[in-house]
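Please read them alongside the sequence and the model.

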Amino acid sequence: MPVATETRWKLNPFLHIDEDRVYNPLTDRSVVRGDAAWAQVRQFIDSGDGDESLERDGWIVRNDADLSTASRLKIVSLETMTTCNQKCYFCPVSIAPRDDYSMPDALFENIVEQLTEYRDTLESVFLQSYNEPTLDRRFVPFVRTLFAADLPVAVLSNGSGFTPAKVDALIEGGGLATSASISRRSIASATRRNAAPIISRSCFAISITSKTSRSLSR
Ligand code: SF4
């Protein structure tokens, strides 16, 4: 028999509640209409009736629960330098570029060490924020450091710094999740510099590294 819950539990305030789906970002789980737990979760939402199983699965929490530090780390954006070689019109870099600055190696290693505690929940460690990560002369060593720490590396790049040598080194390291956005301006510039073979090789290699992301290569 359901326990009167008004004084014991409340709905987990982190839940994303839609008509046909309830998602809990702290457990990265969702229930949809038709799932076994759907009726139970909906019942609590509608009437406040629930039991320990809902609390165990994170849908409800004790009224006095302290959730101020609750979190789940899935995506990391680790910007190792501020430099970018583009001025994409939609990006803050185009109107407010920052002075060049590189993260000290020791800080990078310290952050990687801290991230290893989150291996179970991490889906991607991006080496990028508002910069072009492949311009960093330490790009390949940094990727190798993340590989060695068994962290899921991902790169968003405008593709301009993916030299054949860098791509070969990354493929050799096992490949990584990569997304390349190559602007028309980059291609036009490369064409002017007669660098089309490099762009072509990089695109080809990026495709390979995407297909051999670490989750597939194991
Ligand atoms: S390449 Fe990326 S970081 Fe650089 S200006 Fe374009 S969107 Fe911004």
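1. An open sheet is formed by three strands in the order β2-β3-β4, with antiparallel pairing; two strands count as paired if DSSP finds at least two bridges between them. At the edges lie β2 (16-17) and β4 (29-32), each of which pairs on one side only. Strand β3 (residues 21-24) is joined to β4 by four bridges, and the two run antiparallel. Within this pairing, Val22 has Val31 of β4 as its bridge partner.

2. The model is a predicted one: local features need pLDDT of at least 70, side-chain atom pairs count only at pLDDT 80 or more, and totals for chains, interfaces and linings use all residues. Residue numbers start from 1 along each chain as its sequence is written.

3. Overall, the chain has eight helices and nine strands. These are DSSP runs numbered from the N terminus, with helices being H or I of at least four residues and strands E of at least two. Of its 218 residues, 21% count as buried, a term that requires 20 or more other C-beta atoms within 10 Å of the residue's own, with C-beta atoms placed from the backbone. Among contacts between residues at least 6 apart in sequence, 68% join residues at least 24 apart; a contact means C-beta atoms, placed from the backbone, within 7 Å.

4. Which residues have the most contacts inside the largest nonpolar core? They are Val125, Phe142, Val143, Leu146 and Val153, in a core of 13 residues. Such a core is a set of buried Ala, Val, Leu, Ile, Met, Phe, Trp, Tyr and Cys residues joined through C-beta atoms within 7 Å. Two or more residues each come from α4 (139-148), β8 and α5, and α4 gives the most, with four. Another core, of nine residues, lies apart from it and includes Phe44, Leu54, Trp59 and Ile60.

5. Leu146 also deserves a look: leaving out residues up to four places away in sequence, Leu146 touches Val112, Val125, Leu151 and Val153.

6. Around the ligand are residues including Cys84, Gln86, Lys87, Tyr130, Glu132 and Asn158, where a surrounding residue has its C-beta atom, placed from the backbone, within 6 Å of the molecule.

7. Asn158 sits in the loop between β8 (153-157) and α5 (164-173). Is Asn158 buried or exposed? Asn158 counts as buried because 22 C-beta neighbours lie inside 10 Å.

Definitions and conventions:
Buried ≥ 20, exposed ≤ 12 C-beta atoms within 10 Å, placed from the backbone. Contact = placed C-beta atoms within 7 Å.
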